[in-house]
Amino acid sequence: MIFLIKPLIVNITIIFSLLFNSNMFFPFSKRKPLNFKQQTIFALFSAFAALLCMLYPIETLKETHFDLRMIPILLVTLYCGVYPGLLSAAIVSVVRFLIGGEFLYVGIAVSILAFIIAITFRPVFLKSANKGLYGLIILVFYYSGYIFILYNTVSFLDISFYLVYFLAFSATFLSLIYVVEHLILANQQFDETLYLEKLSTIGQMAAAFAHEIRNPITTVRGFIQYLNTDTKDDRLQQFAPLILDELDRTNKIITNYLTVAKPTSFSLKFVDLNMVLTDSVELLRPFGSYRNVSLELDLEGNHFIYSDEQHLKQVIMNIIKNGIESIDEEKGGYVKIEKKNGDTKGSAVITFTDNGIGMSEEQLEKIGLPYYTTKSKGTGLGSMITNRLVHEMKGKIIYDSKVEHGTRVTIILPTASQYRN
């Protein structure tokens, strides 16, 4: 039995080691789509892990060699996509071809089968909230094909071998899914911690100078209004409204800075999410019509949030307004707001989808950061405040966007039932 367990432990150690190393170079994330370079690197990591497993197979089983090379192929295909999975499977198959041997085509077939099964189940697997369960389903289908190939090509081995091998295979595959999901969550929490630290820094800076600037601006505004009351100076009459508008805009920016700087006082109560969404949409519908943008609202079920109604409305209206402003006024477009049950029990999901100009990957990574905005006259504080309010509501906000294809913002909020327990 030792001759079975020892190479399996080596294979398992190889796969886990390379998994953690790949996460160090490119942290796993559901928010950021992989570019071509990253997909290639993950494919090479997967292929390298599979090849190392092939170097330490279970031997002394007649002419057959068994290892766990299929697990890296399954994982990289499920989490990274067609290209990484295909490249990894191709590299493993080519190397297996060069090694040769009596069971050459069996070794290639089981590797290709892993890719086919993974790519077939990938869409459902990624959408599933219970990935462990779908991992088991994937194993059942893969084992069905794997055992069929072995039954028709390899003479039957001792039953104890199959029990140990498939048990180790299953435990390793399911454990890796568990680890990857928790690494994704840990990376997300780390990003959120960094983001909150940046908010804290900008808040301290804002608190230091916002109050001092606000007082002289108020004084200047008062004098401009006073001078413009009965002046005969045509130039002052011409430019006074513009000066007042710019002073008001400056004052609004300072107010936003103070909103970021000081802790938000919440007036907590049970809020009807359907009512808040409906009110917000109706308030912004005239603005949408003015910019040739239609607002579509789709509400599924009833949800109550234990939160501050005004802050929740501010979040919703900020996102809808950003969606409207991202759309070309001449071409027109839409902002679709959908609300439904979350994947996890006791949560509601709100998605805001527009067909505006969208954002690049670089812009998407910076959204909500201090000073960053894609608008010519923006400050980036609207997105900062929105993100912070969502976090204070114990929720999550996720941005997904492509240039010229629009943007989708997803907010996940805990429903009131969680607070009643």
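There are 7 salt bridges in this structure, a salt bridge being a side-chain nitrogen of Lys or Arg within 4 Å of a carboxyl oxygen of Asp or Glu. Keep in mind that this is a predicted model, where local features need pLDDT of at least 70, side-chain atom pairs count only at pLDDT 80 or more, and totals for chains, interfaces and linings use all residues. Residues are numbered from 1 along each chain as its sequence is written, and side-chain values use heavy atoms, with hydrogens and water left out.

**Salt bridges**

As a reminder, side chains of opposite charge can pair when their charged atoms come close. Here are some of the pairs.

| Pair | Closest N and O atoms |
|---|---|
| R221 and D248 | 2.6 Å |
| E282 and R285 | 3.2 Å |
| K321 and E325 | 2.7 Å |

Let's start with R221 and D248. This pair ties together distant parts of the chain, with R221 sitting in helix α7 (residues 159-229) and D248 in helix α8 (residues 234-261), 27 residues apart. Helices here are DSSP runs (H or I, at least four residues), as are strands (E, at least two), and both are numbered from the N terminus. R221 is partly exposed, at 24% relative accessible area; the labels go buried under 20%, exposed over 50% and partly exposed in between, using a 1.4 Å probe and protein chains only. D248 is partly exposed too, at 33%.

E282 and R285 both belong to helix α9 (residues 273-290), and because they are 3 residues apart there, about one helical turn separates them. E282 is partly exposed at 44% relative accessibility, and R285 is partly exposed at 29%.

K321 and E325 lie in helix α10 (residues 309-325), 4 residues apart and so separated by about one helical turn. Their relative accessible areas are 34% for K321, which is partly exposed, and 26% for E325, also partly exposed.

**Helix α2 and its neighbours**

Now for some helix packing. The axes of α2 (residues 36-55) and α3 (residues 70-80) come within 9 Å and cross at roughly 165 degrees. Axes are lines fitted to C-alpha atoms, for helices over the stretch in contact, with angles running from 0 to 180 degrees between N-to-C directions. That makes α2 and α3 roughly antiparallel, given that angles over 145 degrees get that label, under 35 count as roughly parallel, 65 to 115 as roughly perpendicular and the rest as oblique.

On the α2 side, Q39, F42, A43, S46, A49 and A50 meet P72, I73, V76 and C80 of α3, where contact means heavy atoms within 4.5 Å. These residues divide into 8 nonpolar, 2 polar and no charged. Ala, Val, Leu, Ile, Met, Phe, Trp, Tyr, Cys and Pro count as nonpolar, Asp, Glu, Lys and Arg as charged, and the others, Gly among them, as polar.

Helix α2 also packs with α4 (residues 82-99): their axes come within 8 Å and cross at roughly 35 degrees, again with a right-handed crossing. Residues from α2 in this contact include F36, L44, L51 and M54, and those from α4 include Y83, L87, I91 and R96. By class, the contact of α2 with α4 has 14 nonpolar, 4 polar and 1 charged residues.

**The whole chain**

Zooming out, the chain has 13 helices and 9 strands. Of its 421 residues, 45% are buried. Among contacts with a separation of 6 or more, 74% come from residues 24 or more positions apart.

Conventions: A crossing is left-handed if the near helix is turned anticlockwise from the far one by less than a right angle, and right-handed if clockwise.
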